[in-house]
Amino acid sequence: MTNATTIIRCPNCGHKNRVPLAAAGHPRCGNCHNALPWIVDALDDTFAEVAEKADPPVIVDMWATWCGPCRMVSPVLERLAVERAGDVKLVKVDVDRAPRLSSRFGVQAVPTLMILHHGAVIARQAGAAPVDVLRRWFDDAMEKDARDEDRAARDSEQGHRS
Ligand SMILES: [Zn+2]
């Protein structure tokens with residue numbers, strides 16, 4: 001269980017909030033109560049708790065300190081995390097410090113971006129892309145995920161009836 005926290009500045013009112021890396025639900029600003037952009041780091045030993053057990057969908061940014069395109073894509077992802085605050089968690093993984101995650105997800109190049117929901121990878125993209133492309137990538141994955149969850153709910157209802 002990680003009790004680690006990070007400081008996130010509220011984009012709405014500027015209040016600095018101490019936010020846990022892992023928690024149920026989604027953090028809100030202690031001052032104005034708007035949803036906060038949830039941007040945290042994870043490594044091999046914290047990924048399960050920080051990313052896989054998270055309630056909101058998670059954008060995973062597998063990046064490296066020496067990678068130029070990573071430095072371009074990070075602010076783009078942070079912008080998405082602000083725009084979609086409450087609906088997404090952004091988890092950044094430094095691949096050089098997370099060898100188990102790199103091999104588990106077969107990361108061949110950085111940045112590798114993934115969308116995880118309840119531990120399942122629902123979308124994946126290698127390489128940097130502009131904000132409008134990544135916004136559409138995220139929103140399309142969310143729509144597909146919602147359709148899949150509807151179908152799973154219907155299937156289980158039918159299972160109960162038969
Ligand atoms: Zn606020």
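Figure 1. Ala141 is partly exposed, because 19 other C-beta atoms lie within 10 Å of its own, while a residue counts as buried only if 20 or more do so. The model shown here, as in every view that follows, is a predicted one. Ala141 belongs to helix 4, which covers residues 131–161. If its neighbours within four places in sequence are left aside, the residues in contact with Ala141 are Ile115, Ile122 and Ala123. Leu116 is 25 residues away from Ala141 along the chain, and the C-alpha atoms of these two residues are separated by 9.9 Å.

**Figure 2. The hairpin of strand 6 and strand 7.** Strand 6 and strand 7 run antiparallel and are joined by six bridges, and strand 7 comprises residues 120–126. Between the two strands of this hairpin there are two residues, and His118, which lies in the turn, has a positive phi of about 50 degrees. Thr112 has Ala126 of strand 7 standing opposite. As a general point to keep in mind when looking at such a view, the side chains in a regular strand alternate between the two faces of the sheet.

**Figure 3. The largest nonpolar core.** This core contains 40 residues, and the members that touch the most others are Val50, Ala51, Ile59, Val60 and Val91. Two or more residues each come from strand 3 (38–41), helix 1 (47–52), strand 4 (58–63), helix 2 (68–83), strand 5 (89–94) and strand 6 (112–117). In soluble globular proteins, nonpolar side chains tend to be buried together.

**Figure 4. Ala51 and the residues it touches.** When residues up to four places away in sequence are not counted, Ala51 touches Ala42, Val58, Val60, Val91 and Leu116. Val60 and Val91, like Ala51, are among the residues that touch the most other members of the largest nonpolar core.

**Figure 5. The whole chain, as a setting for the close-up views.** The protein has four helices and seven strands, which follow one another from the N terminus in the order β-β-β-α-β-α-β-α-β-β-α. Along the principal axes, the C-alpha trace spans about 55 × 40 × 35 Å. The radius of gyration is 16 Å, which agrees with the value near 15 Å that a compact globule of 162 residues would have. Buried residues account for 30% of the 162 residues, and of the contacts with a separation of 6 or more, 58% are between residues 24 or more positions apart.

Terms used. Residues numbered from 1 in each chain as written. Predicted model: local features only at pLDDT ≥ 70, side-chain atom pairs only at ≥ 80, totals over all residues. Rg over C-alpha atoms; globule rule 2.2 N^0.38 Å. Buried ≥ 20, exposed ≤ 12 C-beta atoms within 10 Å, placed from the backbone. Contact = placed C-beta atoms within 7 Å. Core = buried A, V, L, I, M, F, W, Y, C linked by C-beta atoms within 7 Å. Pairing = 2+ DSSP bridges.
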